[in-house]
Amino acid sequence: MSRCIAMVVLIALFMTRPAAAEEVVVFAAASLKNALDAVAADFQADTGHKVTVSYAGSNALAKQILEGAPADVFLSAAVNWMDEVEKGGLVLARRDLLGNSLVLIASGRDAPPVAITPGFDLAGLLGDGKLAMAMVDAVPAGQYGKAALEALGLWETVEGAVVQSENTRAALALVSTGEAPFGIVYATDAAADDNITVVGTFPDDTHGPIIYPVALLRGATDAADRAFYDSLSSAAALARFREYGFLALD
């Protein structure tokens, strides 16, 4: 009888034991770091699954995925780089998740505002200083920034003063440390640093829509991968993203 009781106890323990934790590998645009770290922490606390996030420029991440990097979920800061991954046959599901805006920032906490209008004297504002931007031919923030400057008729006047970084957070760091007096980043980047001032916002009609698509990738095999992808559109996750200044599109 005691042996039967022991068996019943063992079976009960097995049946009530939580499922083994799984790991979700996420590749995400650098501008998402603070917000996505918070969202991932919430998911981990709720599910027990581990979320490992690699941050970089969307262009670099897309190329890594196309070359076989083992990612389960990809969050890009631009539609074009997600399109490249989808053309490679690596997307199981995707949707547009978030929006953002583009701002001009200055080093320090008390820089005066400027009016960002066609032909405004950005070159005069820079003087002998540099304008920090993400890579203008590859990184979404840099591409949006160059498009905005071209639309305003300013690109040719400041092109020689632009110092390009591998992602928008690196550009933010140049301004935060004073190495560049001004920079162009996303509004959400600016909100993450107390050592800069947002001196102006670029009009939406000076650049293409800033859209962050998210995709579940073909390499995703665990139930946790799909669960995390789905959770990004939950009310709780979208509220988190809004806390950090993103516009929820989903």
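Helix α2 (residues 33-47) packs against helix α11 (residues 235-243) at about 155°, and the two axes sit 9 Å apart. Helices here are DSSP runs of H or I with at least four residues, strands are E runs of at least two, and both are numbered from the N terminus. Axes are lines fitted to C-alpha atoms, for helices over the stretch in contact, with angles running from 0 to 180 degrees between N-to-C directions. That angle makes α2 roughly antiparallel to α11, a label for angles over 145 degrees. On the α2 side, the contact (heavy atoms within 4.5 Å) is made by A35, L36, A38, V39 and D42, and on the α11 side by A237, R240 and F241. Six of these residues are nonpolar, two are charged and none is polar; Ala, Val, Leu, Ile, Met, Phe, Trp, Tyr, Cys and Pro count as nonpolar, Asp, Glu, Lys and Arg as charged, and the others, Gly among them, as polar.

The model is predicted, with local features needing pLDDT of at least 70 and side-chain atom pairs pLDDT 80 or more, while totals for chains, interfaces and linings use all residues. Residues are numbered from 1 along each chain as its sequence is written, and side-chain values use heavy atoms, leaving out hydrogens and water.

Then there is the sheet. Six strands build an open, mixed sheet in the order β2-β1-β3-β10-β4-β11, where pairing takes at least two DSSP bridges between two strands. Strand β4 (residues 91-99) pairs with β11 in the antiparallel sense over two bridges, and G99 stands opposite L247 of β11.

Technical notes
Parallel < 35°, antiparallel > 145°, perpendicular 65-115°, else oblique.
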